[in-house]
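Biologist: I would like to learn how to read a protein model, one feature at a time. Could we go through it together?

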Amino acid sequence: MSEYVLSCCSTADLTEQHFKDRNINYICFHFELDGKQYLDDLGKSVPFDKFYQAMVDGAETKTSQINADEFETYFESFLKEGKDILHLCLSSGISGVINSAMLAKTNLEEKYPDRKIYIVDSLGASSGYGLIMDKLADLRDQGMSIDELRQWAENHKLNLHHWFFSTDLTFYIKGGRVSKTAGIVGGILGICPLLNMDNEGRLIPRFKIKGKRKVIRTIVDKMEAFAQDGLEYSDKCYISQSACYEDAKAVADLVEQRFPKLKGNVEINSVGTTIGSHTGPGTVALFFWGRKRNN
């Protein structure tokens, strides 16, 4: 058993079984569905299919991050056991949750001066953030100390690439990421925006691709362009999807055809209720290791 705890937020969008199998702890964000508050608990409180259907049917959604008191209670449960903690937060480019974690850290360091509490900004989101956590679990299991693992995370988090596309602009318009006029025109023309996460962990629109088939090819082209060793890529690849499994499977099949040395099959997860509250249904995200993100 590890002498320290490896931890993240639920917005890493892996399954509960995956977190359990890899001995990764997590703390849950919150969301509201038509005014009723739930934990973003990996689809247990509200199954993903019901959540996205509710959005399609017009339900109002809101999200709230983990507050400092919640982090303090969560972290202290490990500190009381004599464990040190390495916690990676959802990207500061899309959430201020790291501030709550840092406040909890400061309060607890006075109470537990002999314990280490490390907070790292993942600069990642959804199963890209999850892919970082999975790699850290590998390195921990290989014997890396908490200090070494913290430094590895800081040195390599920008090597994790996030590419997203959406076939439904409704919630991008609602959230202000796409103007109403551009969204209406884009819908008529079948435009699928292709976005990625920049080196500050912000989600940036990069291209406007016409048609689902073309955007599926293009997102895999981006993996070929940026992946470590190009078509010789031999690490893991994750995908997240929000109520559009067939689109995600089409991307996964193409990735597996094009990258024969891939480590295992592409893993497809659901976009969780926190991030999904902002993307809505119809989003596919592709995650892989590559050269450092620099813009």
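Predicted model: local features only at pLDDT ≥ 70, side-chain atom pairs only at ≥ 80, totals over all residues.

Biologist: What is the phi of L42?

Modeller: The general idea comes before the case. Most residues other than glycine have a negative phi. In L42, phi is near 65°, which is a positive value in a residue other than glycine. A243 also has a positive phi, of about 55°, although A243 is not a glycine.

Biologist: Where does A243 lie, and is A243 buried or exposed?

Modeller: A243 is in the loop between strand 11 (238-241) and helix 10. The relative accessibility of A243 is 54%, so A243 counts as exposed.

Biologist: Now the salt bridges. How many does a search of the whole structure find?

Modeller: To count as a salt bridge, a side-chain nitrogen of Lys or Arg must be within 4 Å of a carboxyl oxygen of Asp or Glu. The search finds 19 salt bridges in the whole structure. One of them joins the side chains of E16 and K44, at 3.1 Å from N to O. E16 is in helix 1 (residues 16-21) and K44 is in the loop between strand 4 (36-39) and helix 2 (48-56), so this pair links distant parts of the chain, 28 residues apart. E16, at 39% relative accessibility, counts as partly exposed, and K44 is partly exposed with 48%.

Biologist: Which parts does the pair of D141 and R22 tie together?

Modeller: The side chains of D141 and R22 meet in a salt bridge of 3.3 Å, N to O. D141 lies in helix 5 (residues 126-141) and R22 in the loop between helix 1 and strand 2 (25-27), so the pair ties together parts that are 119 residues apart in sequence. D141 counts as exposed at 51%, whereas R22 is buried, with a relative accessible area of 14%.

Biologist: What about D198: buried or exposed?

Modeller: D198 counts as buried, at 2% relative accessibility. Its side chain forms a salt bridge with that of R202, at 2.7 Å from N to O. R202 is partly exposed, with 37%. Elsewhere, salt bridges that share partners join R22, D134, D138, R140, D141 and K236 into one network.

Biologist: Next, helix packing. At what angle do helix 5 and helix 6 pack?

Modeller: For two packed helices, read the angle, then the handedness, then the residues in contact. Helix 5 and helix 6 (residues 146-156) pack at about 150°, and their axes are 10 Å apart. Angles over 145 degrees count as roughly antiparallel, so helix 5 is roughly antiparallel to helix 6. Their crossing is right-handed. Helix 5 makes the contact with K135, L136, L139 and R140, and helix 6 with L149, W152 and A153. By class, there are 5 nonpolar, no polar and 2 charged residues in this contact.

Biologist: How do helix 9 and helix 10 cross?

Modeller: The axes of helix 9 (residues 212-226) and helix 10 (residues 245-258) come within 10 Å and cross at roughly 40°. That makes helix 9 oblique to helix 10. This crossing is right-handed. Residues in the contact include I216 and V220 of helix 9, and A250 and L254 of helix 10. The contact has 8 nonpolar, no polar and 6 charged residues.

Terms used
Residues numbered from 1 in each chain as written. Heavy atoms only, no water. Axes fitted to C-alpha atoms, helices over the stretch in contact; angles between N-to-C directions. Helix = DSSP H or I, 4+ residues; strand = E, 2+ residues; numbered from the N terminus. Parallel < 35°, antiparallel > 145°, perpendicular 65-115°, else oblique. Left-handed = near helix turned anticlockwise from the far one by under 90°. Contact = heavy atoms within 4.5 Å. Nonpolar A, V, L, I, M, F, W, Y, C, P; charged D, E, K, R; others polar. Buried < 20%, exposed > 50% of the residue type's maximum accessible area, 1.4 Å probe, protein only.
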